[in-house]
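Biologist: I would like to learn how to read a structure like this one, feature by feature. Could we look at it together?

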Amino acid sequence: ISYVASCPCLSDRHKFPNFFRTIPSDIYQAKAMAWLAIRFHWTWIGAVVANNDYGLTAVQIFQEEIQGKGLCLAFVETLSYDNTITDIKRAAHTIQVSAARVILIFARYTDVGRMFMELAKNNVTDRQFLASEAWSTRDDFFQNPALSKVASGVLGVAIRSSSIAGFENYLKSLHPSHRPDDKFLREFWEKEFGCSAGVTQSHATSMSRQNSDLPPCSGSESLEAMQHVFTDASELREAYNVYLAVYAAAHALHSLLSCPDRDSPPRNNSSICSSTKHIKPEELMQHLNKVNFTTPQGEMFYFQGADIPAKYDLVNWQNTPEGSLKSVLIGRVDGFDLHLNESAIQWITGSNQVPVSECSQSCPPGTRKATRKGEPVCCFDCIQCAEGEISNKSGSSQCERCPSEFWSNPERTACIPRELDFLSFNETLGITLTTVAVSGVMVTTAVFVVFLRYRHTPVVRANNSELSFLLLVSLKLCFLCSLVFIGRPTVWACQFQQAAFGISFVLCVSCLQVKTIVVLAAFRSARPGAEALIRWFGPNQQRGSVCILTCIQVIICIIWLSVSPPEPRHELGFKGSK
């Protein structure tokens with residue numbers, strides 16, 4: 001049962017059927033870091049990873065998680081064990097020249113420390129780093145003032161922490177006199193108190209030979225009042241994983257050795273029982289797979305295959321008044337849930353303002369993204385939406401077409417009702433047409449008055465005065481009908497203008513046709529048989545012909561208005577129509 005082996009490969013039960021662990025797979029911390037990037041809208045991210053399964057698998061999972069979310073990796077630099085110095089300098093230079101302001105690091109803490117030193121030497125102090133659990137809680141960085149400007153604001157995923165009841169008191173009660181064979185405790189005691197920790201004559205003699213320059217301890221030394229990382233049990237991480245592993249084994253053994261029906265034969269799907277003298281590995285394996293208990297801290301613990309449910313701490317490196325750094329818990333990862341206190345985060349800028357890391361600035365409302373050829377989707381240009389299309393939010397990849405009754409405003413940010421566009425009397429064209437129509441009416445009226453004034457003269461009478469008057473009236477009506485086509489369309493106007501103009505026009509043409517026939521008959525009056533032609537096309541026949549032709553048009557208009565009357569309709573098909 002491992003407490004630190006986090007390689008995703010160990011989850012394969014076919015290759016490692018006897019393996020368990022109390023630390024989550026690295027897959028989950030890579031996903032957690034991707035969730036952070038998505039949450040803070042960091043679309044252009046750099047990555048520096050170890051050139052091994054730990055780093056390469058993590059960056060692959062990170063890429064898979066951000067796929068389709070609008071996030072891209074600006075670069076991926078690898079750090080090899082056999083060429084570390086060169087790789088670190090290359091990675092530091094890439095970070096310095098890249099536009100990415102957020103850098104993801106999956107690497108050993110020693111390599112991270114060297115890279116931070118290189119960045120500090122180049123005065124690169126405005127990058128926001130995302131840390132993996134391999135270095136997110138290392139105290140080595142906190143005590144180095146040279147790294148405070150570079151490493152301030154680091155946001156990292158850490159092995160979840162917890163406390164163990166009574167463990168700190170146990171550590172502080174340790175004394176070499178109680179554990180004379182504990183070499184580590186003796187060395188620790190001599191380093192911290194500066195005295196020889198020999199507690200028996202044999203031990204004192206042995207230690208005096210090794211540390212003859214140290215005075216013997218007085219016996220009053222104690223760890224009770226000492227503030228040391230060794231005695232700090234407030235945030236146990238790897239130690240807590242060891243604690244869980246021991247508890248898991250203990251519960252499995254307890255379940256194995258305390259079967260209520262030990263003497264009865266095993267049934268289907270029942271646990272195998274054993275005795276303390278004959279414990280078989282496969283029996284313990286079966287009980288480990290079924291371990292399910294609640295720790296004294298209130299945590300439910302069980303295995304899912306080789307793994308446990310993913311749980312991490314989210315930590316933030318913040319500046320202290322003394323100028324050093326400290327790690328502050330700002331959230332947790334519980335399975336697929338991210339719990340984060342954003343107001344508690346101190347970013348690299350020293351404020352609560354979230355850093356921005358993007359290849360191209362987000363397109364404002366009224367524009368859309370246009371991907372640059374040969375570049376990642378995160379690098380784009382902003383193009384204004386076409387007429388009749390809008391985008392009402394930042395970062396739109398497409399513009400939305402306005403409904404048919406609406407049109408885009410000048411900023412292309414909202415759809416507004418279309419402006420009703422029609423030929424009005426105030427427009428130039430409307431004024432021109434009205435002038436022409438009125439002029440035509442006036443000229444026709446003037447001619448009508450002249451003909452009326454001289455209706456008894458031979459010239460007027462010879463010109464068939466009745467048809468002439470009727471023709472002038474029809475022409476006047478045609479000119480007047482054109483005025484109905486100008487102005488705001490209404491149902492009445494649509495029906496009247498079509499029918500009135502049609503009838504007036506037919507009346508005018510009928511008069512012209514009859515007058516033309518009369519003229520032809522007059523020219524042929526000298527020919528033999530012309531009298532019959534004139535007799536069959538006399539004044540009564542002339543009036544009847546005009547009346548019949550006009551009535552036909554009136555009937556057609558009545559039928560048309562009854563069956564399919566015209567009505568105003570919005571014409572939305574014109575390009576650029578508002």
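Predicted model: local features only at pLDDT ≥ 70, side-chain atom pairs only at ≥ 80, totals over all residues.

Biologist: Is V246 buried or exposed?

Modeller: Buried means under 20% relative accessible area, exposed means over 50%, and partly exposed is in between, using a 1.4 Å probe and protein chains only. V246 has a relative accessible area of 53%, and therefore counts as exposed. Together with Y3, V4 and V242, V246 makes a nonpolar surface patch of about 320 Å²; such a patch joins nonpolar side chains (Val, Leu, Ile, Met, Phe, Trp, Tyr) within 5 Å, or like charges within 9 Å, from residues with over 30% relative accessible area and no salt bridge. The areas come from the Shrake-Rupley method with a 1.4 Å probe, and for residues only the protein chains shown count as cover.

Biologist: How many helices and strands does the protein chain have, and why is it called more spread out than a compact globule?

Modeller: The secondary structure comes to 16 helices and 16 strands. The radius of gyration of the protein chain is 48 Å, well over the 25 Å that the globule rule gives for 578 residues, so the chain is more spread out than a compact globule; the radius is taken over C-alpha atoms, and the rule is 2.2 Å times the number of residues to the power 0.38. Along the principal axes, the C-alpha atoms fill a box of roughly 165 × 70 × 40 Å, and buried residues make up 39% of the 578 residues.

Biologist: Which residues of helix α7 are buried?

Modeller: The general idea is that an α-helix has 3.6 residues a turn, so residues three or four places apart point the same way. In helix α7, residues 183-193, the buried residues are L185, R186, F188, W189 and E190. At the start of α7, a side-chain oxygen of D182 reaches to within 3.2 Å of the backbone nitrogen of F184, and just after α7, G194 takes a positive phi of about 70 degrees.

Biologist: How many salt bridges does the structure hold?

Modeller: A salt bridge is a side-chain nitrogen of Lys or Arg within 4 Å of a carboxyl oxygen of Asp or Glu, and the structure holds 20 salt bridges. One of them is formed by the side chains of R101 and D126 (3.7 Å, N to O). R101 lies in the loop between α3 (84-97) and β3 (102-106), and D126 in the loop between α4 (109-121) and β4 (128-131), so the pair ties together parts that are 25 residues apart in sequence. R101 is partly exposed at 28% relative accessibility, and D126 is partly exposed at 37%.

Biologist: Which residue forms a salt bridge with R401?

Modeller: The partner of R401 is E389, with the closest N and O atoms 3.9 Å apart. R401 lies in strand β14 (residues 400-401) and E389 in strand β13 (residues 389-390), so this pair ties together parts that are 12 residues apart in sequence. R401 counts as exposed at 55% relative accessibility, whereas E389 counts as partly exposed at 22%.

Conventions
Residues numbered from 1 in each chain as written. Heavy atoms only, no water. Helix = DSSP H or I, 4+ residues; strand = E, 2+ residues; numbered from the N terminus. Polar contact = N/O pair within 3.5 Å; in protein donor to acceptor, adjacent residues only side chain to side chain.
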